[in-house]
Amino acid sequence: MHSSRPQRTLLRCAIIATVGVALLSVWLRAGSARLQSSPKWIEAGAGGVLPAEMNFDNAYGKLGVLNTAGPIEMKGHPFFEPLGINPRGCVTCHQPSNAMSVSVESLRERWRITKGEDPIFAAVDGSNNPKLPQALESSHSLLLNRGLFRVGLAWPPVESKGKPEFTIDVVRDPTGVNLDADYGLKGANPTVSVFRRPRPVANMKYVMSPDDVFNIKTGTLMATDPDTGKPVGMNLMADSRHLTLKQQANGAYRDHQEGRQGGIRREDVEKIVAFEQQVFIGQSFDNWGGSLSEPNGPLGLGPRAMAEGKIHVLANNNRDPVFRLFDAWKKPETMAKELNDKQREFRASVARGNDVFMFRLFWIRDVAHINSIGLGNPIKRSCSTCHNVQMTGQDLAPGWVDVGTTNYPTWTEPPVFSDQAELPVFKVTCNKDALPHPYLGRVIYTNDPGRALITGKCVDVGSIVIGQFRGLAARAPYYSNGSAKNLRELVDFYDRRFDMKLAEQEKVDLVNFLSVL
Amino acid sequence: MKKTLTVLMMLAGLFMTSGTMATRNDKPPASRRNFVACPIVRDTKTMPCWLAEYDGELYFLGLQGSSASAFYPPQLNHQVLVEGTVTKEPRICGGIPLKPIRISVIAELNRGCNTLLPAEDGMEAPPAPARRFVDSMREPGKDTSQREFNVPFDFDSDYLTLHTTRIVGETARVAKAINATKVEVTGYRATTGLSNGKKFIEAESVAAKRANKIAEILIGLGLPVATVSVIAKTEPEPCDGVTDADQRRVTIKLIP
C-alpha cells in the first residue's frame, strides 16, 4: 500500500516541520548560551551600554561591579575603544566580569571561541615571544596557563641613572625572548622581559591613596605626582613604575596597545582615569553563603561597601579590622533566621577565616622591606601586619615586599633546568659596594627581579607590590607570576613559606574568607 | 673543625666588608658592653624577646615592637652590633638588661645567625611599651627656636627611620619658618670602641651618603638648593666606648 499523495505531502511537511523545529530549538539554545555568556566578555569597540551595577557569575558565586557614575555608553569611550595600532582597548585586559583583570578561565574560553584571534593574544605581549608562530597555542602558554602578559623593561633600570647595583644574566629562558637578538638583553635596546598578571582596575581610591611625605620603606621622600607635586601612593603597579593613573594609561597605550607616536589624547586619558576612579568591585553573592551585602551582615563586603569605605585606614587591629567585623557571622544565633544549616556553616567558616587572617600569629621571616625596615627578623605577627589597609588588604606604605614568590629557593617553580619550567630565570649579581639583599645576599636567582628592574637596587630584587584582595574569586590565578592556580594554592604557599602550621580547617576557613572578598 | 674554620672565615669576611676592625686605644668602661654577635630571638607567651651573648653572658636587648617603637630589633641572618650599659635590673627572658642600648644590624648576610628559642615558663617578657603608630607622630611641631638638629644613624647605615625622618621634616619646617639663608649639612663617620679591645670603624663612604641623603630630602621639602651646603667628614670620629653611637650622625645647622 502506498500513501495517497496528500497524505505523503502531509507526512513530508510534518518531517520537515519536525526537523525545522529541532534545528530552531538547537539554534535558539545556542543563542541562549550566547546571550548568557556574551555579556561576560566585552570586546573593545563593540559598543553598548555598561550598566551602573553588574553581577557576574564565577566559580564561587557572583562578582559585583559598581560604576558609581551610572551607566556608560561604551561606544566612543576610550576605555572601551581600541586606541593604538592593535585592536585592544583597556577593557580587553581589564574585564568587569574578571574583577577588572582577566582570569585564565576566561582567556582559555576566548582562545577556544576565537581560535586564538582575540586581540588579547597579540604578539607584542600576549604571547611568550613575539617571534614564535602566533597561531600555536603553545606560543601563548604563559597567558593561557598562568594569565601572564610579557612586560619588557629597559635595561639598565630607569631610576639607576645607568649605574645599576647589579648585573643580570639570563640563566635559562623557555620563551626565548630574553635571549632574542631584537627583544632580549643583548639587543639594540636592551630589555628584560618578565611575565606578570594584570592588576584589577577598580577600588582605585584605596589603591592610589598616598601615605606620608616620607617613604617608610626607603627612608626617603615619597615619590610625587609630576602634575601636582603631591605625594603618591606607589601601590598601583607590581613594580611601582607608574605612579599615577595617567602615567599608567599612557604606559599601557604605548606598551600593550602598541600606541601611535604622539601618545594618547589628553581628553582620552582624562576619561579613562575618571572611569577607573568610579569603578568598585567586590564579591556580591556566594553560592554557599548567599548574599554578601545584607543590611545586618559584615560591613566590608560587596562593591557598595567598597564605594562607601574610608580611605587610608591602618586596620591591623581588633577594633575595626582590615575587612571590617564579621561578628554577625560568628555564631548561628546572630545569623538571619531564614538561613539553612549549610549557609550558617559557611558563614561561620568565613568569620573564622577572618580571624585567622587578622589574629593568627606566625613568624614572618626573611621578607625584604618588612623584616628589614626596623620590625626585626623574624616578627611574630599575622597576615594583617603587611596586608593592613582597610578594605583592600594592601600595605598603607608603598607595598613592595619580597615575600619570595619570584625568587629561588622560595618560589614554587620547577627546577631551573626542568622541561616543565615555563618562566625565564635570571641570575642577579650585586656589586660588592652595594647594600645586599637582606636575606638572599649578593647572588640571587629569580624569574622576576620586580622593583629592582626600576630602581636598580640590590635590596629590591624580587620585591613586588602587594596587590588588593578584592574580587579574588573572579580572577584566578594569583601572585604577580600566576604561580598559585587557586585560593588553596595561595594559602598553601604562605603555610609553607612561613611554616605557619595551619590546620586543615584553618586553610578551609581562609579560602572561604578570601573567596567572599 | 672544618665548620669552625668556615665560620671564622665568614666572620673575617664580614668585618672586612661591613666595618673595619682596628686595635683599640682606650678600653670602654667596665659597665659597657659593646660587641658584635649573632642575635637570639626567644619566643614568649606574649612578645618575643631579643637577646645576645657576649663573653659567656646573655644580655637582653629589647622586645619586638612596631615601626613606632623606640627599639628596632635585630635580624636573624645578620649579626648585630650591641652598644649598651649593664644594669642591675632583674633579668628579662634570661638576659641582663642593657640600658641605654643602641643596636645596629650588620648589613652582610650571615646565615649562621639563626637561633630562635621556644617560649618556656619562667622566661616571660615584660609588657610591651604602648607605642602604636598614630598620625600625631607625623604632625609638625610649633617651636621655631631650634637652630641645630642632630640625626642619628645605625652603624654603616644611611637609612632614616620613622623617628629620624621626623627630625629632618622638622628641620625643614623651622628652616622655612625663619627663612634660613644657610643650611649646613654635615655627615660624620664614627668608630665604636668594642669591649674586646678593638675598634669597629664605619665605611669611609658613609658620611657622604648620610649627608647627601639628608640634603636631598631638605631640598625636596622645599629648601632652596643654593642655601644647602654639604660637608662629609670622612675621618672617623674618635671613640670612648660610651658615646660612640652618638657620633654616627648628621648635624644640620640653620643660619637665619
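Biologist: In this predicted model, which residues is N371(A) in contact with, leaving aside its neighbours within four places in sequence?
Modeller: Those residues are I364(A), R365(A), D366(A), G376(A), N377(A), P378(A), I379(A), Y439(A) and, from chain B, Q75(B). N371(A) itself is found in the loop between β12 (362–364) and β13 (379–381) of chain A.

Biologist: Why is N371(A) called buried?
Modeller: Buried means under 20% relative accessible area. N371(A) has 0% relative accessibility, so it counts as buried.

Biologist: What makes the pairing of the N371(A) side chain with the backbone nitrogen of D366(A) a polar contact?
Modeller: Happy to go through that one! The cut-off for a pair of N or O atoms is 3.5 Å. A polar atom of the N371(A) side chain lies 3.3 Å from that backbone nitrogen, and the side chain also has a polar atom 3.0 Å from the backbone oxygen of G376(A). Both distances are within 3.5 Å, so they meet the distance limit.

Biologist: Now to the interface. Why is the pair D43(B) and K380(A) called a salt bridge?
Modeller: The rule asks for a Lys or Arg side-chain nitrogen within 4 Å of an Asp or Glu carboxyl oxygen. Here the N to O distance is 2.7 Å, so the pair qualifies. Across the interface of chain B and chain A, the rule finds two salt bridges and 13 residue pairs in polar contact.

Biologist: How many residues does each chain bring, and what area is buried?
Modeller: Chain B gives 37 residues and chain A gives 36. Together they bury about 2,800 Å², with 52% of it on carbon and sulfur atoms.

Conventions: Residues numbered from 1 in each chain as written. Chains lettered and ligands numbered in written order. Predicted model: local features only at pLDDT ≥ 70, side-chain atom pairs only at ≥ 80, totals over all residues. Heavy atoms only, no water. Helix = DSSP H or I, 4+ residues; strand = E, 2+ residues; numbered from the N terminus. Buried < 20%, exposed > 50% of the residue type's maximum accessible area, 1.4 Å probe, protein only. Polar contact = N/O pair within 3.5 Å; in protein donor to acceptor, adjacent residues only side chain to side chain. Contact = heavy atoms within 4.5 Å. Buried area = accessible area lost by both parts, 1.4 Å probe.
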